[in-house]
Amino acid sequence: MKFKTLWITAMTLLTVVAAVRLTAQGQPQSEKKEHIRYKLIDIGTFGGPNSGNNGESTVMNNQGAVVGFADTTTPDPFCFNDCFVFHAFRWRDGVLTDLGALPGGSSSATNGINSQDQIVGLSLNGLIDPFTGIPEFVAAVWQHGQVTDLGTFGGSFSIATVNNNRQQVVGCAFTDIPDSFTPTGVFYALGFGPQQLRAFRWQGKKLHDLGTLGGADACAVWINQIGQITGASFTNSIVDPSTGLPTLDPFLWVDGKMIDIGTLGGTVGLGFMVNNRGQVIGVSSLAEAPGACITGPSSGTPGCHGILWERGILKDLGTLGGDFSIANWINEEGEIVGVASTTGEATVHATLWKNGVITDLGTLPGDCASQAFAINSKGKIVGQSFPCDSSPPRAVVWEREGTVHDLNALVKQGSGLELTDPKIINDAGDIVLEGLLSNGDAHSVVLIPCDADEEGYMDSAEAARLATPRASAPLSIALEWWHLLSRGSLPAAVLPRGVPKCCAAISFPAWERQRTNVRSTYAEMLPFDTTGGPAFRSGLPHN
C-alpha cells in the first residue's frame with residue numbers, strides 16, 4: 001500500500017472505508033459532444049519514481065501555483081513511503097522548485113498554499129523520537145525561500161494542515177502530557193506516543209493552543225479567510241463502551257472560543273472544512289450506530305452521515321437512500337460535494353448537496369460507483385468513477401449542468417499517464433490530480449483548460465521559453481477583506497493563463513522532475529479493498 005505512510009496520513013482524524021458490493025450500475029448524465037479540453041502537464045519527480053499531492057486541501061491556489069511532494073534518488077532507510085527520500089515542491093508556470101527540508105531532516109511534504117505563496121506542511125527534523133524510535137516530524141512553513149519549524153507543545157510530532165491569506169496556519173501538535181486515548185483512538189495516525197494532542201493556530205511566529213471541548217485531545221484541520229477554524233475534539237474523558245473512546249465532537253473555533261457543533265446522536269463527529277460564510281461540513285455518527293464514523297460501513301455498521309452546521313443549527317445531509325454519506329468539500333456558495341450510499345447499500349455515488357436538495361451525480365457509462373472530492377466557485381466538480389471490476393478508477397469532471405466527462409478523454413493522448421485521482425479544481429478551472437504510469441508509479445499532474453483546435457506537444461525547454469508568469473491577484477488585501485465583509489466570500493481573481501493554450505502533454509526531464517506517491521491529508525486508500533469494492537477517502541483534508 002505505497003500510497004499510505006505513517007507520517008503523511010498523520011493528519012487523518014478518520015479513515016472511512018466505504019466497501020460496498022457493486023451490484024448496481026450508476027446512472028450517468030449523457031456527455032456533451034463538445035466540451036472543454038485540457039493541456040496535461042506531468043510535473044515529474046526529483047529523480048525518484050513518484051510524486052503527488054495531498055487532496056481535498058489547498059494544494060493549488062487561484063494563481064495556478066501547485067504544491068506537493070516528490071521522490072529524490074536518495075534511499076530512505078526508514079521506508080516511510082516507497083523507500084526514497086521525498087521533498088516538498090512548488091510548481092508554477094513550468095518551473096519546479098525543490099523546497100527542501102528542515103536542517104538535519106531528510107523528507108518533507110506540503111499540505112497547502114495561500115495566495116501569498118506561503119506553503120505549509122511538515123518535515124523531518126533529524127531527531128529520533130525516544131519513545132517510538134522513529135524520526136520526528138514537525139509542522140513547517142515555507143516562505144520567501146526559507147523553511148520554519150513551527151515546533152510542538154513539548155512532544156515529538158506536529159503537522160500543519162492548512163493556512164489562509166492572513167498567514168494563519170492551523171494543525172495539531174503533541175504535548176508532553178501522558179494520554180491513554182491517543183495511541184489507540186481516533187487520532188491513531190498521530191499516535192506515535194502516549195501524549196495529548198492539541199489543535200493549534202500559528203501566527204506571528206507563535207504557536208497557540210486552541211484548547212479542547214473538555215477532553216484531552218483536539219486537532220484543527222481547516223481555517224477560512226476570516227480566521228474561523230474547524231476540526232474535532234474529545235469532549236470528556238469518559239470512555240463510551242460502544243467505541244472504547246471518549247465522545248468526539250466537531251468544533252468551530254471563533255474569536256478565542258471553541259464551539260461544540262454536536263453530533264447526530266452518536267459519539268463520533270468530525271469537522272472537515274469551514275467556508276467564509278461560517279458553514280461547517282463534516283461527518284457524524286447516528287444514535288443507533290454511535291461509532292459508525294470510526295468503524296466505517298465496511299464493518300457492517302452503517303450510520304455515518306455527512307453534516308452541515310450553519311448559524312447554530314446542525315443538519316443531517318442525508319444519503320441517496322442508503323445509510324452512509326461523507327461531505328468532502330464546500331464552496332463559497334454553500335454547494336457541497338461528497339459521496340453517499342444508495343438504497344440497500346448497493347453502491348455509492350458522487351453527490352451534490354445544494355439549497356437543501358441532494359443530487360445523485362451518477363457515474364461514467366457502464367461504471368458502478370463514484371465519489372466527488374472538490375467543487376470550485378463555478379460549480380465544476382472533480383472526482384472518481386469506478387468500473388465494475390477491480391480496475392483503477394477514472395478521474396472525472398462534472399460540469400455545472402451535471403454532465404460527467406472522463407478526464408482521460410479530454411487530454412492529448414500519448415503522455416503515458418492514466419488519470420485516476422483528482423485533488424482540487426481552482427476557480428480558473430485548473431485541476432491537480434494523480435496520474436499512473438504503466439509500471440505503477442504515480443506522478444503529480446496539472447490540467448489547464450484549452451481549446452480543442454490548439455492541441456500539440458511541448459518539451460520542457462519550449463514550455464519554459466513560452467511560459468509567462470501569472471499575475472498575482474489584482475485586488476489588494478484590504479479590498480479583498482472589504483469584499484469578504486460585504487459579500488461574505490472572497491472573490492476569485494480572473495487571472496491570465498501562464499502558458500499559451502495548447503492541449504499538450506508536457507513531460508519534464510528526469511533531472512528536473514519530482515514524483516511522489518500520493519499521500520493523504522484526509523485518508524487515502526488504495527483504489528480497491530479486499531472485497532472488490534472501491535475504497536473511499538474520508539472527507540478530511542487528504543491526498
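Some bookkeeping before the details. Residues are numbered from 1 along each chain as its sequence is written, and side-chain values use heavy atoms, with hydrogens and water left out. Because the model is predicted, local features need pLDDT of at least 70 and side-chain atom pairs count only at pLDDT 80 or more, while totals for chains, interfaces and linings use all residues.

Disulfides, then. How many does a search of the whole structure find? The search returns 4 disulfides, a disulfide being a pair of cysteine sulfur atoms within 2.5 Å.

For accessibility, buried means under 20% relative accessible area, exposed means over 50%, and partly exposed lies in between, using a 1.4 Å probe and protein chains only. Cys79, at 36% relative accessibility, is therefore partly exposed. Cys83 has 33%, so it too is classed as partly exposed.

Next, Cys172 and Cys219, joined with an S to S distance of 2.1 Å. The torsion about their S-S bond is about -50°, so this disulfide is left-handed. Cys172 belongs to strand S11 (residues 169-178) and Cys219 to strand S14 (residues 218-223), so the link ties together parts 47 residues apart in sequence. Strands here are DSSP runs of E with at least two residues, helices are runs of H or I with at least four, and both are numbered from the N terminus. Are Cys172 and Cys219 buried or exposed? Both are buried.

Then there is Cys293 with Cys304, S to S 2.1 Å. Here the torsion is about 105°, so the disulfide is right-handed. Cys293 lies in helix H1 (residues 292-295) and Cys304 in strand S20 (residues 304-310), so this pair connects parts that are 11 residues apart in sequence. Cys293 is buried at a relative accessible area of 0%, and Cys304 is buried at 1%.

Now the hairpin. Why is strand S30 (residues 418-425) described as largely enclosed by the rest of the structure? Because 7 of its 8 residues are buried. S30 runs antiparallel to strand S31 (residues 431-436), with 6 bridges between them; two strands pair if DSSP finds at least two bridges between them. One of the contacts has Asp421 bridging to Glu434 in S31. The hairpin has 5 residues between the strands, and Gly429 takes a positive phi near 90°.
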